[in-house]
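The following paragraphs lead the reader through one structure. Please keep the sequence and the 3D view at hand while reading.

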Amino acid sequence: MITRDDVLAARERIGGRVRRTPLLAPSGADPAWLKLEHLQHCGVFKTRGAFNRQLAAIEHGELGDAGIVVASGGNAGLAHAFAARELGVRATVFVPEAAPEVKVQRIRAYGADVVRAGSEYAEALAAAVDFGHAQGAAFAHAYDQPEVAAGAGTLAEELLDDEPSIDTVVVAVGGGGLYAGVAAAVRGRAKVVAVEPETCPTLHRAMAAGEPVDVEVSGVASDSLGARRLGDLAFAAQQAEPPVSVLVTEEAIVEARRRLWSDYRIASEHGAATAYAGLLSGAYSPAVGERVCVVVCGANTDPATLA
């Protein structure tokens, strides 16, 4: 399990390399603060963990000529490709065949080698691990690695610095790296609401089973939240302090994404709109006076689909 000390160490390591993203306060009928992490480099929170992982690998002498390898549905690949370009590191990114072309093109534009492998993330992950062993590349997990999760948690440090009175942080969950990092950062200071699509319920099922279990994944948010199994770091986080775990429908996610665009002009991907869907759909109902912050964690989407 990662701790707040890990998150604070990550903040020190990646300082000056990532953006401090804005916190939008509610006004009028707004239901919550919004942490605008979609404005991060590469349009996704994963850039924080990518820098933390690669900088730690450099510190520990892990990086050779083969550089870094990662498997991704798209967003982790973008983040690691960007970080590698900035740090002068070679990057190889394995993606499933169904990875959105808009993300694959941007990964290549950052200079990484892209390899399509398998029909879903788990198959791309296996291929990336094999590549790392064969070529001597340092492995970066998309979500279940201490440096990666701790890097993600730095956004929670920012939002509580900006607004210490926040009671609740709402995050979307796929493999659980963002959740694990945020949980470590806010433990003892705020509670976490973990929102998942009904079609990708890794955390919900793990909590019910008492251990991470494989789930079938599908739906509009599966390109970013489509991990088949919850990561060990996220499972350890929920054992230490269980979050409020809620599920939302496909329709609720689509509506939340539409509302983020129509009300705020936030171009959110479906996975990032999932957290907001938890509030708008009523899956999570804050108490009277509860001060809630929703993390809008990614914007890698086709703008043509927003209208």
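Ala 190 sits in the loop between helix H7 and strand S8 (191-197); helices (H or I, at least four residues) and strands (E, at least two) are DSSP runs, numbered from the N terminus. The model is a predicted one, in which local features need pLDDT of at least 70 and side-chain atom pairs count only at pLDDT 80 or more, while totals for chains, interfaces and linings use all residues. Residues are numbered from 1 along each chain as its sequence is written, and side-chain values use heavy atoms, with hydrogens and water left out.

With a relative accessible area of 8%, Ala 190 is buried; this term means under 20% relative accessible area, whereas exposed means over 50% and partly exposed lies in between (1.4 Å probe, protein chains only). Leaving aside neighbours within four places in sequence, Ala 190 is in contact with Ile 166, Asp 167, Thr 168 and Glu 241, where contact means heavy atoms within 4.5 Å. Tyr 179 is eleven residues from Ala 190 in sequence, and their C-alpha atoms are 13 Å apart in space.

Attention now turns to helix H1. Within H1 (residues 4-14), the residues Val 7, Ala 10 and Ile 14 are buried. Seen down the axis of H1, the buried residues fall within an arc of 60 degrees, so they line one face of the helix; the arc is that of the directions from the helix axis to the C-beta atoms. An α-helix has 3.6 residues a turn, so residues three or four places apart point the same way. The face of H1 turned away from the buried side carries the exposed residues Asp 5 and Glu 12. Helix H2 (46-59), helix H6 (146-162) and helix H7 (177-186) are among the elements that cover the buried residues of H1. After H1 comes Gly 16, whose phi is positive, near 90 degrees.

What lies in the nonpolar interior? The largest nonpolar core has 108 residues; such a core is a set of buried Ala, Val, Leu, Ile, Met, Phe, Trp, Tyr and Cys residues joined through side-chain atoms within 4.5 Å. Those with the most contacts inside this core are Leu 34, Leu 159, Val 171, Leu 178, Val 182 and Val 186. Not counting residues up to four places away in sequence, Val 186 touches Ala 156, Leu 160, Val 169 and Val 192.
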